[in-house]
Number of protein chains: 2
Amino acid sequence: MPGSVMWKWASRMDEDTPKKFIRRKPMEENINDMIEGLLLKDRTMLSRAITLIESNATRHKKIAEEMLQHLLPLSGDSIRIGVTGVPGAGKSTFIESFGLLLCNKGHRVAVLAVDPSSTLHGGSILGDKTRMERLANHPNAFIRPSPSGGALGGVHRKTRETIIACEAAGYDVLLIETVGVGQSEVMVRGMVDFFMLLVLTGAGDELQGMKKGIMELADAVIINKADGSNLDLAKKTQREYKQILHFLQPATKGWTTPALTCSALYQEGIEQVWGTVLRYMKMTKESGLFLRNRNMQAKEWLYAQIKEQLERAFFGNEKVKRLTPEIEKKVMNEEMTITKASGLLFDAFYER
Amino acid sequence: MPGSVMWKWASRMDEDTPKKFIRRKPMEENINDMIEGLLLKDRTMLSRAITLIESNATRHKKIAEEMLQHLLPLSGDSIRIGVTGVPGAGKSTFIESFGLLLCNKGHRVAVLAVDPSSTLHGGSILGDKTRMERLANHPNAFIRPSPSGGALGGVHRKTRETIIACEAAGYDVLLIETVGVGQSEVMVRGMVDFFMLLVLTGAGDELQGMKKGIMELADAVIINKADGSNLDLAKKTQREYKQILHFLQPATKGWTTPALTCSALYQEGIEQVWGTVLRYMKMTKESGLFLRNRNMQAKEWLYAQIKEQLERAFFGNEKVKRLTPEIEKKVMNEEMTITKASGLLFDAFYER
């Protein structure tokens, strides 16, 4: 119950808070401390809460679940912004510049990363906080690297739960970064209110290599690095993107996706990007779309999680795993019908 | 065993074939007759085989499965072409014109339709054969309306199995029509070698209303109705689509998706469309992509079918069905975490 937590929080205001970090109780016993820590906007406690959320241990999952049930009513009051773009588009510089602007306006900004590939490549896109050192050192900012741990679905769950924890800890702007090359964009689009696509100058070449359909997920296309000798090219790119966007369906009904230029390096145009976000928020809140989107996102997440769990149970079954390669090969060579093949796998699953 | 079927077929060549249609044995007993009928390229028998494939009765499914296992080795030697476009783009006229051209070249052309919405609206896009009367009356053509029967997955399965039956019956060009508005395009893209998108003149207006990402599924964009007073507009539309296609990723790696104009009404440009398909086939067969695509499609179909079956079992469970609305509502209102919600539903499913 959040009520009792609030009470406990109030009653402990005078205690020597840091002491409990030194004590380092086992995670299990710290759930109330953790919730209190979050409400006190304690960054270290938030980090520990997220570590708990990201843990794959069954007992941790149970505690995390209990904690999240407490935090859920305290979450939601924020702007969730997705930021994507191919490597080289200047995501880090942009996020740092954008984040600092917001922090200086008094917002509390949390930066999260979704990068399912990080486990494959042995490195995370946000693994190194020095990448955005100035933002990381701002008292209003919180930066968290990408969770490791395999499947896209798992990363997805962890990120969504981390959003809840950050919001409960008073972060009112969430920047969720993703590399613009995989399947993660669709998932991130499904957990944010506003989705930004950062692009390189030279639209033609870039779009060729861009993930299919990604343009149609974006609520704003942002051409960063519009400075110095690159300025003319950036303006040309802006015109090209405007033209393409004119032909495509907007990501959000009733919203015209703009193409904006900015220079994160020289802090130019960043304020306009924020203005665009605010204009979008105003429009969607007034029309009721904002809330409808959030409700729908929660529902879709539920179904995605159930489906993932069903598939994990099926394809993780030992007998199914043993049979699959041979059956798959026969299907691919058109030696066995799909119905026969799936029938055999279901027989194995149910041990008939 | 196809071998024994072939033998039986040969041994019955002299029999009075039409007699068996009059006898009208129950479907169960007719599997060999059906296979033989297909190999004799008997259109009525093909219709009956497809009716069997489309049946939702469990005992029919079993027989259909047995029949398909026999037909599978006889299938595959064809060009599978998907045709989509919004209503009004002239799909029927185009398919009739295109189909007649191919029939007159000596090809045997089967036209199938995928329209999951047909059950909702009480009518099928191909329900009325008079829509393409000239093609329907050609001895080399076979037209089959959209299968009814609910879910997209079901329609998908039936269409894929119908493809196998048609190919076994000697049809070497398959035209699979779909209305360009729903989820069916992605599924049809997953069962064809070449995917055509028919568009209206006036790209700007149309693309606004077009399904997201559909342009990036197309191996050719075809502007039909390029005749009379519409010709100039069609040429302008062609230029616009070329420009957009230049920016987008092609549906098939290494292939540049062209924008073609034609007039199905005046039989102009139809030969060029066929030339494009042949050029595509040559390229993908030489590079090995053709076979790789087909193998991959079969594999993806297997996984899609398994997932669909898992979900049907779960969400069709009586207890899950009873609990879902309340839990879904709590999730949408952010009163319950996703993990808690899915946990409750899985508990109901497993009756714990």
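Through which surface do the copies meet, and what share of the interface residues of chain B are also interface residues in chain A?

Tutor: This is a predicted model, in which local features need pLDDT of at least 70, side-chain atom pairs count only at pLDDT 80 or more, and totals for chains, interfaces and linings use all residues. Residues are numbered from 1 along each chain as its sequence is written, chains are lettered from A and ligands numbered from 1 in the order in which they are written, and side-chain values use heavy atoms, with hydrogens and water left out.

To your question: the copies meet through the same surface, because 98% of the interface residues of chain B are also interface residues in chain A. Contact here means heavy atoms within 4.5 Å. By that rule, 57 residues of chain B touch 56 residues of chain A. About 5500 Å² is buried between the two chains, and carbon and sulfur atoms give 62% of this area; buried area is the accessible area (1.4 Å probe) that two parts lose on being put together, summed over both.

Next come the polar links across the interface. The rule finds 14 residue pairs in polar contact between chain B and chain A, both residues being at pLDDT 80 or more. A polar contact is a pair of N or O atoms within 3.5 Å; within protein, one must be able to donate a hydrogen and the other to accept it, and residues adjacent in sequence count only if both atoms are side-chain atoms. Several helices of chain B give two or more residues to the side that touches chain A, among them α5 (58–71), α12 (231–247) and α14 (289–316). Of the contributing elements, α14(B) gives the most, with 15 residues. Helices (H or I, at least four residues) and strands (E, at least two) are DSSP runs, numbered from the N terminus. By class, this side of chain B has 28 nonpolar, 16 polar and 13 charged residues, where Ala, Val, Leu, Ile, Met, Phe, Trp, Tyr, Cys and Pro count as nonpolar, Asp, Glu, Lys and Arg as charged, and the others, Gly among them, as polar.

Charged residues also pair across the interface. Side chains of opposite charge can pair when their charged atoms come close. A salt bridge is a side-chain nitrogen of Lys or Arg within 4 Å of a carboxyl oxygen of Asp or Glu, and 4 of them are counted between chain B and chain A. One of them joins A:Glu328 to B:Lys299, at 3.3 Å from N to O. Another salt bridge is formed by B:Glu311 and A:Lys307, whose closest N and O atoms are 3.8 Å apart. This pair crosses between chains, running from helix α14 of chain B to helix α14 of chain A. B:Glu311 is partly exposed at 21% relative accessible area, and A:Lys307 is partly exposed at 31%; buried means under 20% relative accessible area, exposed over 50%, and partly exposed in between (1.4 Å probe, protein chains only).

Helix α14 of chain A also has a link within its own chain. A search of the whole structure finds 28 salt bridges over all chains. One pair is A:Arg294 and A:Asp193, whose side chains meet at 2.7 Å from N to O. A:Arg294 lies in helix α14 (residues 289–315) of chain A and A:Asp193 in the loop between α10 (184–189) and β5 (194–199), so the pair ties together parts that are 101 residues apart in sequence. A:Arg294 is buried, with 5% relative accessible area, and A:Asp193 is buried at 5% as well.

Finally, chain A as a whole gives the setting. Its secondary structure comes to 16 helices and 7 strands, and 56% of its 352 residues count as buried.
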